[in-house]
Amino acid sequence: MSTISHPLASKTAVITGSNSGIGLGIAKELAKAGADVVLNSYTDRDEDHALAAEIGKEHGVTARYIAADLSDGEAARRLVTEAGACDILVNNAGIQHVAPLQDFPTAKWNAIIAINLSSAFHTTAEALPMMRKAGWGRVVNIASAHGLTASPYKSAYIAAKHGIVGLTKTVALETAEEPITANAICPGYVLTPLVEAQIPDTMKEYDMDRETVIRDVMLKRQPSKEFATTEQMGGTCVFLCSDAAAQITGTTISVDGGWTAL
Ligand code: NAD
């Protein structure tokens with residue numbers, strides 16, 4: 001296996017929330033770049049393990065699936081220790097709930113903060129000593145355009161995503177003199193199951209058909225009027241793991257079709 005076409009050969013990547021959507025796209029691109037990958041979600045189905053096996057076979061890397069419910073901090077920590085190695089940590093798991101603040105269910109607030117923010121604290125705390133021992137590390141947090149800007153009715157999500165941008169900066173400063181970087185990718189809208197699930201409610205709320213909801217509501221703030229893709233998220237992650245990005249740390253990279261330029 002050539003290290004030019006497989007720049008991440010011999011690295012192990014742990015990607016949280018990677019049995020679908022952006023996490024899966026990132027796992028595939030990291031595997032294509034030669035990294036061994038550990039996939040994760042809270043389910044423990046045959047199809048989850050089969051997904052990992054398929055990626056391993058396609059790219060000639062070791063690919064495993066480890067079930068861990070990241071709403072539980074101890075489980076998040078166990079995911080990293082069970083992985084055994086963690087050169088690249090991608091904190092991607094996330095959920096969404098949309099409601100006005102006064103109606104926002106406390107249980108949803110707690111779940112979103114736990115999964116979208118606190119899990120990254122726990123996994124990073126376990127991974128940093130492993131990266132230091134290995135003499136190299138990359139932390140890539142999947143934030144959002146909503147880590148930099150706000151929208152109504154997404155209080156917990158926006159608080160968690162702004163929080164993960166802050167966590168990213170702190171990790172970068174604590175590792176600044178080491179060969180470890182920490183950055184956040186801020187996607188605009190990417191058509192994944194998480195976004196797909198928001199379409200029916202938005203159609204009802206605005207009394208619009210699917211196409212109009214996509215163009216005039218979801219992509220209203222995305223000047224390109226195109227969804228970003230999971231492959232683009234994976235490619236950005238591979239770039240952040242490359243030597244070219246060794247001095248990029250503590251920052252955010254927007255992949256949002258111009259959203260945050262508005
Ligand atoms: P998705 O629903 O397809 O994927 C979310 C992943 O998280 C899934 O694998 C899911 O199983 C996992 N997950 C959920 N709860 C979990 C738990 N308790 N423990 C472990 N895993 C859990 O959604 P997605 O759109 O791919 O989102 C991935 C990330 O990207 C999220 O952090 C999301 O906030 C962020 N993001 C998405 C978009 C978008 O437009 N899709 C935009 C900006 C940011």
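Trainee: Which atom of glycine 17 is 3.1 Å from an oxygen atom of the ligand?

Mentor: A polar backbone atom of glycine 17. That is a polar contact, a pair of N or O atoms within 3.5 Å. Keep in mind that this is a predicted model, where local features need pLDDT of at least 70, side-chain atom pairs count only at pLDDT 80 or more, and totals for chains, interfaces and linings use all residues. Residues are numbered from 1 along each chain as its sequence is written, and side-chain values use heavy atoms, with hydrogens and water left out.

Trainee: How far is the side chain of tyrosine 157 from the ligand?

Mentor: An N or O atom in the tyrosine 157 side chain is 2.6 Å from a ligand oxygen atom. For glycine 188, a backbone N or O atom lies 3.4 Å from an oxygen atom of the ligand.

Trainee: And which residues around the ligand come nearest?

Mentor: Asn19, Ser41, Tyr157, Val190 and Thr192, out of 31 residues around the ligand. To count, a residue needs a heavy atom within 4 Å of the molecule.

Trainee: New topic! What order do the strands of the sheet take?

Mentor: The order is β3-β2-β1-β4-β5-β6-β7, an open sheet of seven strands with parallel pairing. Strands are DSSP runs of E with at least two residues, helices are runs of H or I with at least four, and both are numbered from the N terminus. Two strands pair if DSSP finds at least two bridges between them.

Trainee: Which ones are at the edges?

Mentor: β3 (63-67) and β7 (252-255), each pairing on one side only.

Trainee: How many bridges join β5 and β6?

Mentor: Six, linking residues 137-142 of β5 with residues 180-187 of β6. Asparagine 141 faces alanine 184 of β6 there.

Trainee: Last one: at what angle do α7 and α8 pack?

Mentor: About 90°, taken between N-to-C directions on a scale from 0 to 180 degrees. That makes α7 roughly perpendicular to α8, a label for angles of 65 to 115 degrees.

Terms used
Parallel < 35°, antiparallel > 145°, perpendicular 65-115°, else oblique. Polar contact = N/O pair within 3.5 Å; in protein donor to acceptor, adjacent residues only side chain to side chain.
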